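Please consult the sequence and the structure alongside the text.

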Amino acid sequence: MTQYMLSVHHDPADAERMAAMTPEEMQTVFEAVDAFNAEVMAADKWVFGGGLHAMEATTTVRVKDGETLVTDGPYAETKEYLGGFWIIEAADLDEALEWARRGALACQGDVEVRPFQDE
């Protein structure tokens, strides 16, 4: 069975909407994600998952011409950022896409699906 990473992407433009959410509204999202996690685990598809700190907590390490450069911030200059991920096992891409659809509904965010390379 192939492993897929379902990565959750956030757009800072959406930060206003999220900041305006009441604690009760946020709790609803948390509960939906918890229910999704439980569903993936119950289906025996769960490998690993987790949320990430905000983009501001990122540090990037680059090595060029033997020199190491450590900088604050994400690798790519982009508006969107990785907010969390799931690693699942799925029979094929269609199954992985269905799990991604459910995850996107639960976390109210975009989810990218990418298979791991075979060893």
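## Terms and basis of the model

A residue is called buried under 20% relative accessible area, exposed over 50%, and partly exposed in between, using a 1.4 Å probe and protein chains only. By that rule Phe48, at 48% relative accessibility, is partly exposed, whereas Phe85 is buried at 18%.

The model is predicted; local features need pLDDT of at least 70, side-chain atom pairs count only at pLDDT 80 or more, and totals for chains, interfaces and linings use all residues. Residues are numbered from 1 along each chain as its sequence is written, and side-chain values use heavy atoms, with hydrogens and water left out.

## Confidence

The predictor's confidence in each residue, pLDDT, runs from 0 to 100. Its mean over the chain is 89, and 97% of the residues reach 70 or more. Helices (H or I, at least four residues) and strands (E, at least two) are DSSP runs, numbered from the N terminus.

## The sheet and its helices

An open sheet is formed by 4 strands in the order S2-S5-S1-S6, with antiparallel pairing; two strands pair if DSSP finds at least two bridges between them. Strands S2 (46-51) and S6 (110-115) stand at the edges with a single partner strand each, so one side of each has no neighbour in the sheet. From one strand to the next, the twist averages 20°.

Strand S1 (residues 2-10) is joined to S6 by 6 bridges, and His9 has Asp110 as its bridge partner in S6. Helix H3 (residues 93-107) packs on the sheet, touching S1, S5 and S6, and its direction makes about 155° with that of S6. Contact means heavy atoms within 4.5 Å; axes are lines fitted to C-alpha atoms, for helices over the stretch in contact, and angles run from 0 to 180 degrees between N-to-C directions.

## Aromatic pairs

Rings of Phe, Tyr and Trp (its six-membered ring) pair if their centres lie within 6.5 Å; planes under 30 degrees apart count as stacked, over 60 as edge-to-face and the rest as tilted. This gives 3 aromatic pairs. The ring centres of Phe36 and Trp86 are 4.8 Å apart with planes at 70°, so this pair is edge-to-face. Both residues are buried.

Phe48 and Phe85 form a tilted pair, at 5.7 Å centre to centre and 35° between the planes. Phe48 lies in strand S2 and Phe85 in strand S5, so the pair ties together parts 37 residues apart in sequence.
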